[in-house]
Amino acid sequence: MPKNHSKRPAGKGPSTPARKPARVAAKRPTEAVKAAPDLSQERLVRALESIAAHLAAQGSPAIGPESFERADAYVWHPDGRLSAVPRVSRVELFLLKGVDRMRDILMENTERFAAGLPANNALLWGARGMGKSSLVKAAHASINADRKPADRLKLIEIHREDIETLPTLMEKLRDASFRFIVFIDDLSFDGNDASYKSLKAVLEGGIEGRPENVLLYATSNRRHLLARDMIENERSTAINPGEAVEEKVSLSDRFGLWLGFHRCSQDEYLAMVRGYCSHFGIKIEDEALEREALEWSTTRGSRSGRVAWQFVQELAGRLGVKLAAT
């Protein structure tokens, strides 16, 4: 009988060498798969860089001094563009009632700046709807009323969320032949927002500082611009609480002028309403006007220039009067 050959352990013998290439071959696709995402990611990064470079090459050209002859007012965009505003939404200076002292101070400061004399940055703070923004725009228009085109002030509005690009705007304005008021409406900072540091550097303290031909006017409902909880958080986590508070409050201190706006009295509110009605030719008996104006302010829960204007719009619409100056 033939001798029985003992069974060889699995994985040994002549068949074993044939399996090894298979194992090596099996690793190669896996390595290719692992390398594929890296290659795809690299191609994506290169493609994005190419697109970014292409867009940058086709971007808007830099604004030169001659470009500011197009208009007296502009809006700044964070991509470096200045959009001309042919017609500014504003009211006449004489229609702003109950803010005589603040009006006179701001006008005097603006006139000095327009004449090339030293002037201060201004923070207009206080009760909402009392004409802070309106006063800035009205002062700008009043200063330009009798000035030659080459001597006119330019008003540039920058939105609160674009504060971090303020140094870029300053660089564009530094060598221009015109003088500029940079206007920031409803300025305040909340949470962990650190963009206020860009504003501080422009106001004072930066190496370049504010250009001589630029003045900053800002409006805010807050006197110190930063929320109280921000100051308290800084106080609780700081090694020296006093220094942390000084860091926050110092932003407001860098405005040379603080102009406070407070809630108006009933007489001032009625004077605003009567002034608008007279200016726009709205005919109504004074007794009825007073009664309806007070009722309107009661339903709104406040008296302010904004509430007075809203009432006049309602009254004019009801009486069929267009709000065009007579």
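Visitor: What makes the pair of aspartate 104 and arginine 103 a salt bridge?

Guide: In this predicted model, the closest N and O atoms of aspartate 104 and arginine 103 are 3.2 Å apart. A salt bridge requires a side-chain nitrogen of Lys or Arg within 4 Å of a carboxyl oxygen of Asp or Glu. The pair therefore counts as a salt bridge.

Visitor: Why is aspartate 104 called partly exposed?

Guide: Its relative accessibility is 43%. Buried means under 20% and exposed over 50%, with partly exposed in between, so aspartate 104 is placed in the middle class. Arginine 103, at 22%, also counts as partly exposed.

Visitor: How do you know that glutamate 108 and arginine 112 are separated by about one helical turn?

Guide: Both residues belong to helix α2 (residues 100–114), and because they are four residues apart there, the separation is about one helical turn. Glutamate 108 has 47% relative accessibility and arginine 112 has 31%; each counts as partly exposed.

Visitor: What makes the salt bridge of arginine 274 with glutamate 290 a link across the chain?

Guide: The closest N and O atoms of arginine 274 and glutamate 290 are 3.2 Å apart. The pair links distant parts of the chain, with arginine 274 in helix α8 and glutamate 290 in helix α9 (residues 286–300), 16 residues apart. Arginine 274 is partly exposed at 32%, and glutamate 290 is partly exposed at 30%.

Visitor: What makes the approach of aspartate 79 to arginine 81 a polar contact?

Guide: The side chains of aspartate 79 and arginine 81 meet at 2.9 Å.

Visitor: Which residues lie nearest the centre of the second largest pocket?

Guide: They are Asp72, Arg90, His140, Ala141 and Arg152. Of these, Asp72 and Arg152 are linked with Lys154 in a network of salt bridges. Helix α3 gives the most to the lining of this pocket, with six residues.

Definitions and conventions. Residues numbered from 1 in each chain as written. Predicted model: local features only at pLDDT ≥ 70, side-chain atom pairs only at ≥ 80, totals over all residues. Heavy atoms only, no water. 1 Å grid on protein atoms, 1.4 Å probe; cavity = no way out; pocket = protein on both sides within 12 Å on 5 of 7 lines; lining within 4 Å. Helix = DSSP H or I, 4+ residues; strand = E, 2+ residues; numbered from the N terminus. Polar contact = N/O pair within 3.5 Å; in protein donor to acceptor, adjacent residues only side chain to side chain. Buried < 20%, exposed > 50% of the residue type's maximum accessible area, 1.4 Å probe, protein only.
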